[in-house]
Amino acid sequence: MKDVEIMQPASSELQQRFEAAGGKPSYVRGMFGRIAGVYDLMNRLMTGGLDARWRSFAVRQLALGADALGLDVGTGTGDLAIAAVRAAGPRTRMIGVDFTTEMLEIGRKKLERLHLADRIELKQGDGEHLNFPDNTFDGVCSAFVVRNLADLPGGLREQFRVLKPGGRMVCLEITHPPGPIFGGLFHLYFDRIIPLMGKVVGKSFESYRYLHQSLAVFPRAPQLKALMEQVGFTDVRYHYLTGGVVAVHVGTKPNG
Ligand SMILES: C[S@@+](CC[C@H](N)C(=O)[O-])C[C@H]1O[C@@H](n2cnc3c(N)ncnc32)[C@H](O)[C@@H]1O
């Protein structure tokens, strides 16, 4: 399967918004900058607290050992990196990278509050051009990020590059639930209810409408698996959670 067969073009409405903002990365950065203050609260409300369980599942798949160094791409306010160090040994460290300073500022305050600032470093950076040498990290993870990348295959290639041979890559992302009944309810909730919650809580109907719109052009779970294999990951598998609202993809960078 070629990248072009897996990737769909964004809807023309979304495309126009990207162009008006100066491209998808600028649009995404601006949007997360605007909603940073309500981001954590909205996650808890939208998912009824399930997002924490999904991250716990993802970091169990990452399985970082003692003394390991992990990377959280698109770390935002740091929740996946926090779950990763809590699930691992006391000397395990994480670096979280994100291009939205407003999200990182909230994350840094959270790390101070939780006394985790010595184990998790948050850095500003672009997930599509990771500023680290090849083979740096024992594990690489992301949660709700890859759907936002302008160049998904390129972003996955970067995660592959900075991962040490034998290391795991774990990707938690919203997906297309299999099955028409649950899938229909899911799309109704994402398309109608969540933007209204975003409007009331965060005064941002548009940003939370983007959540559903960005999913429309995102590959289905089997296609994302194929894309990871194209990039070079082996032993790629995925797990649907909560009826397929989200999928956790896991791949390994082969040795040698
Ligand atoms: C939905 S939030 C997820 C935050 C966090 N991973 C979590 O589990 O809550 C997506 C994050 O990805 C970041 N992001 C999106 N594209 C990025 C890119 N190309 N480089 C760096 N960060 C990116 C956004 O700034 C935002 O903070």
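## Terms and basis of the model

Ala, Val, Leu, Ile, Met, Phe, Trp, Tyr, Cys and Pro count here as nonpolar, Asp, Glu, Lys and Arg as charged, and the others, Gly among them, as polar. This is a predicted model, in which local features need pLDDT of at least 70 and side-chain atom pairs count only at pLDDT 80 or more, while totals for chains, interfaces and linings use all residues. Residues are numbered from 1 along each chain as its sequence is written, and side-chain values use heavy atoms, with hydrogens and water left out.

## Overall fold

The protein has 10 helices and seven strands, where helices (H or I, at least four residues) and strands (E, at least two) are DSSP runs numbered from the N terminus. Its radius of gyration, taken over C-alpha atoms, is 17 Å, close to the 18 Å that the globule rule gives for 256 residues, so the protein is as compact as a globular protein of that length; the rule is 2.2 Å times the number of residues to the power 0.38. The C-alpha trace spans about 45 × 45 × 35 Å along its principal axes.

## Ligand site

The ligand is surrounded by 21 residues, with Tyr39, Gly74, Asp98, Thr100 and Gly127 the closest; a residue is near if one of its heavy atoms lies within 4 Å. By class, this shell holds nine nonpolar, eight polar and four charged residues, and helix 3 (residues 24-47) gives the most to it, with four residues.

Among the polar contacts (pairs of N or O atoms within 3.5 Å), a polar side-chain atom of Tyr39 lies 2.7 Å from an oxygen atom of the ligand, and one of Arg55 lies 3.0 Å from an oxygen atom of the ligand. A polar backbone atom of Ala143 is 2.9 Å from a ligand nitrogen atom. Taken alone the ligand exposes 600 Å², of which the protein buries 98%, with areas from the Shrake-Rupley method and a 1.4 Å probe.

A cavity is a set of points on a 1 Å grid over the protein atoms alone where a 1.4 Å probe fits but cannot get out, and its lining residues have an atom within 4 Å of a point. The count comes to one cavity of 30 Å³ or more, and the largest cavity has a volume of about 40 Å³, the space filled by probe spheres set on the points, which are joined across faces, edges and corners.

The lining of the largest cavity includes Cys171, Phe218, Arg220 and His249, and by class it has seven nonpolar, two polar and two charged residues. Strand 5 gives the largest share, three residues.

Conventions
A polar contact is a pair of N or O atoms within 3.5 Å; within protein, one must be able to donate a hydrogen and the other to accept it, and residues adjacent in sequence count only if both atoms are side-chain atoms. On a 1 Å grid over the protein atoms alone, a cavity is a set of points where a 1.4 Å probe fits but cannot get out, and a pocket is an open set with protein on both sides within 12 Å along at least five of seven lines; lining residues have an atom within 4 Å of a point.
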